Amino acid sequence: MRLALEEAARAPETGDVPVGAVVLGPDGSPLGHGRNEREAHGDPTAHAEVLALRDAAGRLGSWRLTGCTLVVTLEPCTMCAGAIVLSRVDRVVYGATDDKAGAVGSLWDVVRDRRLNHRPEVVPGVLADQCAALLTAFFRAPRP
């Protein structure tokens with residue numbers, strides 16, 4: 001989670017919300033990383049999770065991330081939850097919950113929907129206070 005927090009801390013440099021993600025390979029080593037870059041690239045899909053999954057898939061040469069863990073500072077949204085299911089990661093670890101858009105247990109629970117063909121393990125609340133503090137500071141600060 002500390003690596004994901006480092007990614008998140010860099011997102012505000014481009015005006016993006018501080019969310020960071022890291023994909024850990026089956027051996028626990030970092031395989032992919034990402035931070036929110038919607039503002040940086042004008043891309044509504046440039047969420048930290050999607051970018052980390054893309055990075056990991058590119059390094060592996062496969063879209064199947066079986067055996068991998070996605071670590072993210074904020075509970076994933078519905079788009080990211082869908083990408084998680086489709087990428088076949090084994091585990092999702094997240095920090096702060098997102099009561100307004102969370103799709104991994106808060107508002108929705110896409111990743112554990114029994115109608116889908118893949119359901120990763122979910123580990124919520126890891127370093128939640130630090131993850132939430134980063135977001136709170138960002139939204140309290142004046143922006144241009």
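Student: What's the strand order in the open sheet?
Tutor: This is a predicted model, to be clear. The sheet is open, has five strands in the order S2-S1-S3-S4-S5, and its pairing is mixed.

Student: Which strands stand at the edges?
Tutor: S2 (30-35) and S5 (121-123). Each has a single partner strand, so one side of each lacks a neighbour in the sheet.

Student: And how much twist is there from one strand to the next?
Tutor: The average is 15 degrees.

Student: How many bridges join S4 to S5?
Tutor: Three, and S4 (residues 91-96) and S5 run parallel.

Student: OK, helices. Which strands does H3 lie across?
Tutor: H3 (residues 48-60) lies across S1 (20-24), S2 and S3 (69-74), and runs at about 150 degrees to S2. H5 also packs on the sheet, where it touches S3 and S4, and its direction is about 60 degrees from that of S4.

Student: At what angle do H1 and H5 pack?
Tutor: About 0 degrees, with the axes of H1 (residues 2-10) and H5 (residues 128-140) 11 Å apart. That angle makes H1 roughly parallel to H5.

Student: Which residues make that contact?
Tutor: H1 brings Arg2, Leu5, Ala8 and Ala9, while H5 brings Gln130, Cys131 and Leu134.

Student: How do they divide into nonpolar, polar and charged?
Tutor: Five are nonpolar, one is polar and one is charged.

Conventions:
Residues are numbered from 1 along each chain as its sequence is written. This is a predicted model: local features need pLDDT of at least 70, side-chain atom pairs count only at pLDDT 80 or more; totals for chains, interfaces and linings use all residues. Side-chain values use heavy atoms; hydrogens and water are left out. Axes are lines fitted to C-alpha atoms, for helices over the stretch in contact, and angles run from 0 to 180 degrees between N-to-C directions. Helices (H or I, at least four residues) and strands (E, at least two) are DSSP runs, numbered from the N terminus. Angles under 35 degrees count as roughly parallel, over 145 as roughly antiparallel, 65 to 115 as roughly perpendicular and the rest as oblique. Contact means heavy atoms within 4.5 Å. Ala, Val, Leu, Ile, Met, Phe, Trp, Tyr, Cys and Pro count as nonpolar, Asp, Glu, Lys and Arg as charged, and the others, Gly among them, as polar. Two strands pair if DSSP finds at least two bridges between them.
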